[in-house]
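Here are a few friendly notes to read alongside the model. Please keep the structure open as you go through the points.

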Amino acid sequence: MAAEQRDFYDVLGVARDADAKTIKDAFRKLALKYHPDRNKSPEAESRFKEIAEAYAILSDPKKRADYDARGFAGVAGFSTEDLFSGIDFGDIFGDMGFGFDFSGGGLFGNLFGRHRKPAGPAKGSDLEVRVVIPLEKVNSGGEESVHFHRPVTCPDCRGSRTQPGTEPRKCEACHGTGQQVSRRQQTQDKGTISYQQISTCPICHGQGVFIDTPCRTCHGRGEIDKDDQIKVSIPAGIEEGTALRIPGHGLPSPDAGGPPGDLYMEVRSKADPRFERHGADLWRIETLAIPDAVLGTKITVPTLDGSVNVTIPPGSQPDQVLRLKGKGLPVFGANMHGDINIRLQIVVPAKLSAEEKALYHQLSKLSTDSKKHWWNH
């Protein structure tokens, strides 16, 4: 561990005497925020790595004691397995519907430099789709059906592009490699230098083979187009722009028999004429006539669980905010709700009747007389 690392307590935002539950809760909150499957910002991966490493040290009593006593030197030299093998991430995160891989040899092995490229065919590229859900679904959570269009490996030829029962013919020009290699030598004063140039085979255009009998199902493409539909579990209070990972529903592998990529489903809130969402809080504008702002009144305000009556206090001011505590969206990963904030706007009438003008003149005179009386005393 490098000396320039941030203090582990600072990384998790906890005090040095924090108990195990406080440390666990802090890690859970930060890990959900910065997990690379959910957060696509450039710094998310490094932040997640830093958070995970801090938790691995501070959650283990012995490692924490060594760190408290000797700093980073006291916890140097741990492998990925040493750090994470004893942590039950299922207990910390439960079933959040993200398909997180918290195993020491999976996500952590990759982030901490111990990931090995698997042998065999390459994995397909990931696919991204966006789903827009109403605030009611954000509030309650639950299953959401997602429709999307994607290519999939041909079920008949399994991506080989040839009709089942036939084989592709190897290109004789490149011996099936898809490349041609030319070599030349140049003699100089200090010896002979050999040059090698690799280029795409002009005969098979880099394919290495010729398909004499294309698959009739996919017409030699190795893949077919498919309208897909899956059901995804939406956690209550899911944050705006969260990307849920659905393994194996991405694009097909470029190699026959290879695994498909993953599907990343970006979740957005549907525009709602009643509210504007800010995290777990909902904001709403209510317009008041001048008499209602001066004298106070009662209004009916919608919430995600029905309407409620709200008392407008006398003397309310423009842009004053009234808060309905706990009536907002669930706070993701926490047992609490945000608020509904009502911003008041006072409407000044553009046109007045003769009677209304007379009344406003009376009110103006009363206000002027009141000020004179105040100054005289």
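1. The protein's secondary structure amounts to 10 helices and 15 strands, taken as DSSP runs numbered from the N terminus (helices H or I, at least four residues; strands E, at least two). This is a predicted model, in which local features need pLDDT of at least 70, side-chain atom pairs count only at pLDDT 80 or more, and totals for chains, interfaces and linings use all residues. Residues are numbered from 1 along each chain as its sequence is written, and side-chain values use heavy atoms, with hydrogens and water left out.

2. Of the 377 residues, 36% count as buried (under 20% relative accessible area; exposed is over 50%, partly exposed in between; 1.4 Å probe, protein chains only).

3. Among contacts with a separation of 6 or more, 65% are between residues 24 or more positions apart; contact means heavy atoms within 4.5 Å.

4. Do have a look at the open sheet of 4 strands, ordered S10-S11-S15-S14 with mixed pairing (strands pair if DSSP finds at least two bridges between them). Strands S10 (276–278) and S14 (321–324) are at the edges with a single partner strand each, so one side of each has no neighbour in the sheet. From one strand to the next, the twist averages 30 degrees.

5. Within this sheet, S11 (residues 281–289) runs parallel to S15, joined by 8 bridges. Isoleucine 285 stands opposite arginine 343 in S15.

6. Leucine 352 lies in the loop between strand S15 (340–347) and helix H10 (354–376). Leucine 352 is partly exposed, at a relative accessible area of 31%.

Terms used:
Axes are lines fitted to C-alpha atoms, for helices over the stretch in contact, and angles run from 0 to 180 degrees between N-to-C directions.
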